[in-house]
Amino acid sequence: MSRRRLYRLSVTSQTHTLFVAHETSVILSAFQQQKEVRLKSSPADLVTETDQQVEKMLISAIRRKYPQHRFIGEESVAAGEAVELTDSPTWIIDPIDGTVNFVHRFPFVAVSIAFTVNKQTEFGIVYSCVEDKLFHAQRGRGAYLNGKPLCSDIHRCVVVTEIGAESRSITCCVLLCYSVRALGTAAVDMCQVATGGADAYYHIGMHCWDIAASTIIVLEAGGVVMDTDGSEFDMMSRKVIAASSSAVANGIAQVVQAFPCRRDNEAASKRKCDTQSERAVAQPTACVLHEL
Ligand SMILES: O=P(O)(O)OC(CO)CO
Ligand SMILES: [Mg+2]
Ligand SMILES: [Mg+2]
């Protein structure tokens, strides 16, 4: 199957073409290779050369075309850039969503790209590279998987979330629903809701680059996105429920237990904890390396 996919997306009245083929071929060719792994904010927050390389490639390709646009990129933020979502056209990029999967060759890794103007998401792209599944949505124009329209018409009561250091509320949903799944990539988890493969996704602790693109894909597929407390979704809050209907989303909001979580756009000085961890453990761990 050809992995060269071409997007034609209308951005602020201009039609432009965005190739993601080259960037994703970099991920696929590195997928089976040995990787040098570094830790960021915690032992489960990994980064590889490929994450950094793909983010640089994407940003420089987009910047050549749109020099005035702004960027929020996961690895640029890890390198010290501030997270600032303004009214200016802004690209929110997660070069590899599912880096732990990528390191372990668990075949769910995605490139996630969202584009916002006036803080509103205009379009989102999630490319699940190994599956060769390309999700995209544009505001008001629907959501698509490999070019075919998506709708969220299925109620199978399967919920996706992620189980990690900051995922303290999983047990409440296990008791509530039929079954819980975790694919290791928030972007692909949420796209499962858009396809109807799962009824809902919820999480506290993901970042804007993990969920920005898949949020508009869920909405354009007919789904619902809200804060885990049932209030309006806030891209910077790091709290999200995505569901096939308001009833399902509200049901989850009623049982999710809140816990403190720093906003993405909190001042860098207040994110001291992450920075200290990065300095302390900037080398591979044995538990990761024995798999390589
Ligand atoms: O692999 P990443 O980009 O760190 O994202 C993880 C969550 O932090 C999976 O969604
Ligand atoms: Mg991510
Ligand atoms: Mg990532």
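This is a predicted model: local features need pLDDT of at least 70, side-chain atom pairs count only at pLDDT 80 or more; totals for chains, interfaces and linings use all residues.
**Ground rules.** Local features need pLDDT of at least 70 and side-chain atom pairs count only at pLDDT 80 or more, while totals for chains, interfaces and linings use all residues. Residues are numbered from 1 along each chain as its sequence is written, and chains are lettered from A and ligands numbered from 1 in the order in which they are written.

**Sheet.** I looked up the strand order and got β5-β6-β7-β8-β9-β10-β11, an open sheet of seven strands with mixed pairing. Strands here are DSSP E runs of at least two residues, helices H or I runs of at least four, both numbered from the N terminus; strands pair if DSSP finds at least two bridges between them. β5 (70–73) and β11 (148–149) each have a single partner strand, so one side of each lacks a neighbour in the sheet. β5 runs parallel to β6 (residues 90–97), joined by four bridges, and I72 sits opposite I92 in β6.

**Core.** Next I checked the largest nonpolar core: 67 residues. Such a core is a set of buried Ala, Val, Leu, Ile, Met, Phe, Trp, Tyr and Cys residues joined through C-beta atoms within 7 Å; buried means 20 or more other C-beta atoms within 10 Å, with C-beta atoms placed from the backbone. Helix α7 gives the most to this core, nine residues. Domain 1 (6–150 + 267–289) and domain 2 (158–255) both contribute, so the core lies between them; the bounds come from an automatic or database domain assignment.

**T24.** I found T24 in helix α1 (residues 21–31). T24 counts as buried because it has 24 C-beta neighbours inside 10 Å.

Technical notes:
A residue is buried if 20 or more other C-beta atoms lie within 10 Å of its own, exposed if 12 or fewer, and partly exposed in between; C-beta atoms are placed from the backbone.
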